[in-house]
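Please read them beside the sequence and the coordinates.

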Amino acid sequence: MDLTVLTYVVYLLLSVLLTVWVARTLSRTGHVFLVALLRGDETVAGAVNRLLVVGFYLLDLGFVTLFMRIGGTVGSIRACFEALSVKIGTVLLVLGVFHLLNVYLLARIRRRSARVPEREPA
């Protein structure tokens, strides 16, 4: 196996592991926020949380696969590490941007729902 293929394998492995770890962490800690946002409705909060996780996986893993290509060949271990640092660093930045975007959108929804009085059941 040449170093370019090894770089691809390590990149995919690290990217998938990081994506799964971030998704699980955000899902676990975000559930409490969603319950508060949805005024204690655990069922809807769980469903929204799962939908957000699926969307997160689709966006991030789609980006990882599109960003996989390395221009040229990797000729040394040093070049392998340099290519991996650029690739993994970019994936981490994208994960961070996705997270901040989710937090921003959920905070806006929370502020908007706080302004609207809760309706009495009919």
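1. Helices (H or I, at least four residues) and strands (E, at least two) are taken here as DSSP runs, numbered from the N terminus. On that basis Glu-42 lies in helix 2. This is a predicted model, in which local features need pLDDT of at least 70 and side-chain atom pairs count only at pLDDT 80 or more, while totals for chains, interfaces and linings use all residues. Residues are numbered from 1 along each chain as its sequence is written, and side-chain values use heavy atoms, with hydrogens and water left out.

2. Overall architecture. Along the principal axes, the C-alpha atoms fill a box of roughly 70 × 20 × 20 Å.

3. Surface and contacts. The accessible surface of the protein comes to about 8,500 Å², of which 70% belongs to carbon and sulfur atoms; areas come from the Shrake-Rupley method with a 1.4 Å probe, and for residues only the protein chains shown count as cover. Buried residues (under 20% relative accessible area, where exposed is over 50% and partly exposed in between, with a 1.4 Å probe and protein chains only) make up 25% of the 122 residues. With contact meaning heavy atoms within 4.5 Å, 76% of the contacts between residues at least 6 apart in sequence join residues at least 24 apart.

4. Helix 2. This helix (residues 42-66) has 25 residues and reaches 36 Å from its first C-alpha to its last, close to the 36 Å expected at 1.5 Å a residue, the expected span being 1.5 Å times one less than the number of residues. Its buried residues are Ala-45, Gly-46, Asn-49, Val-53, Phe-56, Asp-60 and Val-64, and what covers them includes helix 1 (3-37) and helix 3 (77-115). Val-54 also lies in helix 2, but is partly exposed, with a relative accessible area of 47%.

5. The start of helix 2. A side-chain oxygen of Asp-41 reaches to within 3.3 Å of the backbone nitrogen of Thr-43. Glu-42 counts as partly exposed at 47% relative accessibility, and, not counting residues up to four places away in sequence, Glu-42 touches His-31 and Val-35. The side chains of Glu-42 and His-31 make a polar contact (3.0 Å), a term that stands for a pair of N or O atoms within 3.5 Å; within protein, one must be able to donate a hydrogen and the other to accept it, and residues adjacent in sequence count only if both atoms are side-chain atoms.

6. Helix 3. At 1.5 Å a residue, the 39 residues of helix 3 should span 57 Å, and its end C-alpha atoms are 57 Å apart, which agrees. The buried residues of helix 3 include Cys-80, Lys-87, Val-94 and Phe-98, and their cover includes helix 1 and helix 2.

7. Nonpolar cores. A nonpolar core is a set of buried Ala, Val, Leu, Ile, Met, Phe, Trp, Tyr and Cys residues joined through side-chain atoms within 4.5 Å. Of the 16 residues in the largest one, Tyr-11, Phe-56, Val-91 and Leu-95 touch the most other members. Helix 1, helix 2 and helix 3 are the elements that give two or more residues to this core, and helix 3 gives the most, with eight residues. A second, separate core of five residues includes Leu-34, Leu-37, Ala-45 and Leu-106.

8. Loops. Which phi value deserves a look in the loop between helix 1 and helix 2? Most residues other than glycine have a negative phi. Arg-39, which lies in that loop, has a phi near 55°, a positive value in a residue other than glycine, and is partly exposed, with a relative accessible area of 41%. In the loop between helix 2 and helix 3 lies Gly-72, which counts as exposed at 52% relative accessibility.
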